[in-house]
Amino acid sequence: VLPDGLYRVFVGPDVTDSNLSTPPMACMRFLLRTVVLLLVALPMAALVLLALSLQSRPLVADVAQLTPDDVARAKSVFRDQDPRRAGANGLRTISFDEDDLTVAANYLAGHLGRGAARVSLKPGEATLQFSLQAPSPPIGGYVNIDAGFGEPAALPKLERLRVGSLHGPIVLAEPLLRVILQRFTAADAAR
């Protein structure tokens, strides 16, 4: 009973009890430490991944000098394979030779920066090797990509991926490859 004749009713724990007020503070300290750790660890992980993806020598050393006819041929390869021009079911059969793919890959390498590409086609498999020179002042070196595609069904499937000295997880690489190709074809169509 309080002096005014009122009764004190406790619905929950007494917040003045110092033992019960420490868990929220401990939780806040844990969250703060986790955020600080992530703010330090994520940039460090990104720097490590960047360092592992750069190499001192290009995988494909011969930078192709594309003629205007080569550029027109490369653009026609990309235009002919535009997914917006697919049939009613979204699938179609395409055919091209190794030279057309090499020219298209070198056009892409030149479009992205100073780079070179090589394509190799064999029955049931294709290999793409791609070297792109990193900007010299901040970083330097080469980003080398070695990708292998197989033909397990109707569509080619990414089976092997190496970026620099990193062997990439295929599960993450396939959606990323689709996004890159969609953005490239969208940027090329906008021109």
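How many bridges join S5 to strand S6 (residues 166-167)?

1. Two bridges join S5 to S6, and the strands run antiparallel. Two strands pair if DSSP finds at least two bridges between them. Strands (E, at least two residues) and helices (H or I, at least four) are DSSP runs, numbered from the N terminus.

2. This is a predicted model, in which local features need pLDDT of at least 70 and side-chain atom pairs count only at pLDDT 80 or more, while totals for chains, interfaces and linings use all residues. Residues are numbered from 1 along each chain as its sequence is written, and side-chain values use heavy atoms, leaving out hydrogens and water.

3. Val163 has Leu166 of S6 as its bridge partner. S5 and S6 form a hairpin with two residues between them. Gly164, in the turn, has a positive phi of about 65 degrees.

4. S5 (residues 157-163) is also joined to strand S4 (residues 142-150), by six bridges, and this pair runs antiparallel. Opposite Gly148 stands Arg160 in S5.

5. The axes of helix H2 (residues 68-80) and helix H3 (residues 98-112) cross at roughly 100 degrees and come within 8 Å. Axes are lines fitted to C-alpha atoms, for helices over the stretch in contact, and angles run from 0 to 180 degrees between N-to-C directions. H2 is therefore roughly perpendicular to H3 (65 to 115 degrees). The contact (heavy atoms within 4.5 Å) includes Val71 and Phe78 of H2 and Val103 and Tyr107 of H3.

6. Asn106 is in helix H3. Asn106 counts as buried because its relative accessibility is 7% (under 20% relative accessible area, 1.4 Å probe, protein chains only). The Asn106 side chain reaches the backbone nitrogen of Ala117 at 2.9 Å.

How values were computed. Parallel < 35°, antiparallel > 145°, perpendicular 65-115°, else oblique. Buried < 20%, exposed > 50% of the residue type's maximum accessible area, 1.4 Å probe, protein only. Polar contact = N/O pair within 3.5 Å; in protein donor to acceptor, adjacent residues only side chain to side chain.
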